[in-house]
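This report sets out the contacts and architecture of the structure shown below. It is intended to be read alongside the sequence and the coordinates.

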Amino acid sequence: MTMSSMSFAAAIIIFCTGFFTLLTGRNLFRMVIGISLMEGALLLFIITVGYVPGGVPPLLPLKGLPVNPLPHAFTLTTIVIGASHIALALAFVVRIHSSYKTLDVEKIRGLRE
Amino acid sequence: MNPALTGFIFLLLIATAVSACLMKDILSSVIALSVFGVLLSIVFSILQAPDVALTQAVINSGMITSIFLVAYSQTMKVRSGEDNTRVIKTYYPFRTDEMVILFICIGLGFFLWKGIVPMGFSSLSGDAANHYINFAGVETGASNIVAAVLFDYRGFDTLGEIAVIFTTVTGISILFEGSRYHRSSSGLSFIVRRSMAFVIPLIILYASSIVLMGHLSPGGGFQGGTVLATASICFCVVYGSSFEAARIHPWIKETLESTGCLFFAGLGLIGLCTGAGFLANGAAGFPLGTQGTFISGGSIPLLNMAVGMKVGAGLSSLFYSMVKILEAPFEGIPGEVE
C-alpha cells in the first residue's frame, strides 16, 4: 500500500467512527467528540490530497519536488476555527446542562415527541 | 520513512479514534481524543506539512483538551435537585438501532472509498499551486510558501476566518453573560508555582518567535497566538482560576482582539489606498526585502502579528468565559456563595 492510500483509508475509517459516535451517542459530550473526530478525519483527507510521494515541505529554498501548499493553507485556518466551534458547542452543552440538569439527549425536554 | 512504521502510526491513529468512540467514561474519551490529535499532528509531519502539524499539536494539546475539561467540570458540579447520573454507554452488545447505524456507517465508508479509488491516489496539483511554488519567493519575499498563500495570495480568506473566531467568541460571551468568576480551583503547590514562574516567560518567548518568524519557517500568527492562549490557561491551572481574572481585565483582551482585527483590515486598506487592491503586498509598496532574512515578506510579518494578537486574545477570552461559573437563577448553591 502506498502512503496516500493508507492515509485515505485511515481518514475514511476515522470519519465513519466519528459519524457513528455522533449518531449513537446519548451523552452530549460524546456527540461533540464525534464532531471533533470527523473534523480530524477531514483535515487528514485534505492534507493527503496535496501529498506528493517523496515530496519536501513547501519551504524555500526547495530541495526537491515540494508538496502542494494550497491544502496546507486551507487546513491551517480550519484547525483554529474548528477549535473555536468545538468551544461554542461545549458552551451550548454547559448551558443546556444548567437548564435541563442532564446531559442525556433522550431526557432533554423538547427534543422528543 | 519506513512504511512499516508509518502503517503502525496510522493503526494507532485509528485505534485512538475508535477508543474515543467506545470508552465508557467521558473523561477517558476526552483524553483519547487528545492523544488522537497529537498522533494526527505526527501524521501531518510525515505528510510533509510542518505548518499544519504545528497548529494541530498546539491546538489539541493546549486548547481543545482544556476546553473539554472545563466544560466537563462545569457540568459535573453537584447541585441540589440535579440529575447527576453519568450517562454510561454500554456498546456490548449493540442495540438494534445501533446495529442499523453501524451498517449505515460501514456503507458510507465503502462508498467514500469507491469514490476515492478513481482518483488514482495521485496528488492534485493545479496551476495555482504551481504558480505559488514557483513565484512565491519572488512575488512576496517570504520563505514559507504557506504563509505567502495565507497572508498574500489569499489574505481576504484569512480576514474572513479571523472574523469567524470573533463571532465564536461573541457567541460564547453572550451564552455566559451574567455568570461571574468564581474561585473554582486554588492552584497547585508552591513548587509548581515557582517552576511555572520560570517557564512562563520561555513559553511567551517561544510564542513570539513563532509569530515573528512565520514568514521564514513553519509557524505564524495562528500557531503563536494559540501558544499565548495556552500560557494564559497555565495561569488558570497553576495559580488558580481567580489569578488572571484579578490581574488581566477582560477589557484588555477585548481591546487586543479588536486591535488585531483592525490592524489586519487597516493593512488591507493601505493596499486599497495605493490603488493596488485590498491586502496587496508588494504591489502596494511594502518593501519585500531580501528573501530569507528577518526583514522580508513585506506585509506578511505585520499580518502575522495582527493574527497572533487576535487569536491569542480570542482563544484566551474564550477559555475564561467558560471558567466563569454559571449562576443558577432559581436556587442558591450551598457552600459556594462568595
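Into which domains is chain B divided?

## Domains of chain B

In this predicted model, chain B consists of domain 1, covering 1-124, and domain 2, covering 144-338. Contact between the two domains of chain B involves 15 residues of domain 1 and 18 residues of domain 2. On the domain 1 side of this contact, eight residues are nonpolar, five are polar and two are charged.

## Helix α7 of chain B

Helix α7 of chain B is formed by residues 155-175, 21 residues in total. From its first C-alpha to its last the helix reaches 31 Å, close to the expected 30 Å at 1.5 Å a residue.

The buried residues of α7(B) are G155(B), T158(B), L159(B), E161(B), I162(B), I165(B), T168(B), V169(B) and I172(B). Their packing partners in chain B are α6 (145-153), α11 (250-273) and α12 (300-323). The buried residues of α7(B) also pack against a helix of chain A, namely α3 (69-100).

## Contact between chains A and B

Chain A contributes 70 residues to the contact, and chain B contributes 81 residues. On the chain A side, the elements that supply two or more residues are α1 (3-24), α2 (28-49) and α3. Of these residues, 24 come from α3(A), which provides the largest share of that side.

Divided by class, the side of chain A that touches chain B holds 43 nonpolar, 22 polar and five charged residues.

How values were computed
Residues are numbered from 1 along each chain as its sequence is written. Chains are lettered from A and ligands numbered from 1 in the order in which they are written. This is a predicted model: local features need pLDDT of at least 70, side-chain atom pairs count only at pLDDT 80 or more; totals for chains, interfaces and linings use all residues. Domain bounds come from an automatic or database domain assignment. Two residues are in contact if their C-beta atoms, placed from the backbone, lie within 7 Å. Ala, Val, Leu, Ile, Met, Phe, Trp, Tyr, Cys and Pro count as nonpolar, Asp, Glu, Lys and Arg as charged, and the others, Gly among them, as polar. Helices (H or I, at least four residues) and strands (E, at least two) are DSSP runs, numbered from the N terminus. The expected span of a helix is 1.5 Å times one less than its number of residues. A residue is buried if 20 or more other C-beta atoms lie within 10 Å of its own, exposed if 12 or fewer, and partly exposed in between; C-beta atoms are placed from the backbone.
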